[in-house]
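Below is a short briefing on one protein model. Please look over the sequence and the structure before reading the points that follow.

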Amino acid sequence: MYEEEDILFDAWWADQTVIHPLGLTALIIAAVGVLFLPRRWAIAPVFVLACFVSPVQRLVVWEIDFDFFRILALVGWLRLLLRSEYHEMKWTRLDIWISLQIVAGTTIFIISRGAFDAFINGVGRGFDALGLYFLVRHLIRSEAEIRRFGLLMAAVALPVAAFFVLEKQTGRNIFSIFGGVPEYTLVRRGELRCQGAFVHPIIAGCFWVGLLPVMIHLARFGKTWVKILAGSGIISALIVVWACASSTPMAGVAAVILGTGLFGLRYRTRLLTWLAVGGVVFLQLLMAAPIWHLFVRVRIIGGSTGYHRFMLIDQFVKRFGEWALLGTPTTEHWGRGLIDVTCHYIAVGIGGGVISLALFIGVIVVAHRSAIRCSVAAGEDRARADLSWALLTTVFAHSIMFMAVSYFGQGTPLWIFHLAVIGVLASKLPVATPVLNERASVVPDPTPLRPAPALPQRPLGV
């Protein structure tokens, strides 16, 4: 076992082919699945592979890295073209915002770095995000298909949790055979931090926190067998969070619990927003230090690097002029250890300046509003309303965890997937949607009709 402070997380695998025979076999099986499975299941192999094969696995062609995510995204687009499964997509506000954010961030990154390597890297990352986003938008087309994906990941959670328990007991990671993850489990102040096939323990926890809300939705509204499987998935996801021993995913779990509990107030989200803003302002007035000093004061587990995050945010604010225009190539000179950017908002800002950061925050806001609109538009259909609210809770949990980690590895594709499925639901809204937070805004038909008798709500079939 290694103390985490003794491990240097460098991208040693970049610019070189790293493929294990088992990894190649898994890639081939996943690619066949993407090509030939029914459309509603075609995206599933991408995320199943992510749970069992390290993202370090890659093929380098002409100095371009093709990791397994990128290869499967290309295979997915090949499927769309060969089988003519692309459809006339109804563009939503979220589609526009995420396209602007990725294109602007990529352009600014390339201009600021001014090197061919930066061009290759920027274009590659831009394709990974936009390519996966619109691939999901074409492959996933209904609420039932979103639920099926959530149920599949609940089933996948069972073996993943078993591997994490094994790693917790033995202190050894069997997925190290693929490279990119250590053979001996990382330790922070005596606490084992398991990661399985994931690129980092925090990313492992955040990944499964992101899947919790839809599994909770299935456990509430599914048929009996769906509830059992979803419940098992919830327990397994929480086991992974426990095994990774990180405060960030635990904060994400708290955000999921809070978000899920507020479902009954979905017509009062504007009030909730103003209360949250007022609470932040009140805390800032009450505290002598900046509000981000809470990272130092609040610790969920021992060994949390709250002071590091406080200093990073503090320097980010104080050095606004350094990064605001075109970002900055490094934060190493900001202070000891601050080259490690453990905040996704800061990572976006230093990579693309204030424009990219503003667009990224805009994406989060629009995703929240789109999910709220879908939930309100569902009216008294609680199952439909709850699914949209579950996706809102997912984005909320991600936005909280972004404060303490910058996504990479398996984290980024899952974030993109969740944005895409919110786009799917938003594209089905009528042009004139109900005004948020107002039940009376759903205008009734003026023709007097005798109300139909209420039907008992049946559990969802997946």
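R125 sits over the face of F109, 4.5 Å from the ring centre; a charge counts as over a ring if NZ of Lys or CZ of Arg is within 6 Å of the ring centre and within 35 degrees of the ring normal. This is a predicted model, in which local features need pLDDT of at least 70 and side-chain atom pairs count only at pLDDT 80 or more, while totals for chains, interfaces and linings use all residues. Residues are numbered from 1 along each chain as its sequence is written, and side-chain values use heavy atoms, with hydrogens and water left out.

**Charges and rings**

- K168 lies over the face of W242, at 5.2 Å from the ring centre.
- The model has 20 aromatic pairs, where rings of Phe, Tyr and Trp (its six-membered ring) pair if their centres lie within 6.5 Å, and planes under 30 degrees apart count as stacked, over 60 as edge-to-face and the rest as tilted.
- The ring centres of F47 and F417 are 5.3 Å apart with planes at 65 degrees, so this pair is edge-to-face.
- F47 belongs to helix α2 (residues 44-50) and F417 to helix α16 (residues 411-426), so the pair ties together parts 370 residues apart in sequence; helices (H or I, at least four residues) are DSSP runs, numbered from the N terminus.
- F47 is buried at 0% relative accessibility, and F417 is buried at 3%; buried means under 20% relative accessible area, exposed over 50%, and partly exposed in between (1.4 Å probe, protein chains only).
- F316 and W334 form a tilted pair, because their ring centres are 6.5 Å apart and their planes are at 50 degrees.
- F316 is in helix α12 (residues 306-318) and W334 in the loop between α13 (320-323) and α14 (344-377), 18 residues apart; both residues are buried.
- One aromatic cluster is made up of Y345, F360, F402, Y407 and W415.

**Helix α7**

- Helix α7 (residues 201-221) has 21 residues and spans 31 Å from first to last C-alpha, close to the 30 Å expected at 1.5 Å a residue; the expected span is 1.5 Å times one less than the number of residues.
- At L212, shortly before the proline P213, α7 has a kink of about 35 degrees, taken as the angle between axes fitted to the seven residues ending there and the seven starting there.
- Of the 21 residues of α7, 18 are buried, so the helix is largely enclosed by the rest of the structure.

**Confidence**

- Mean pLDDT is 85, and 87% of residues reach 70 or more; pLDDT is the predictor's confidence in each residue, from 0 to 100.
- Over residues 433-455 pLDDT stays under 50, and the model has 18 contacts beyond four places in sequence for them; contact means heavy atoms within 4.5 Å.
- Where pLDDT is low, predicted coordinates should not be read in detail.

Conventions. Helix = DSSP H or I, 4+ residues; strand = E, 2+ residues; numbered from the N terminus.
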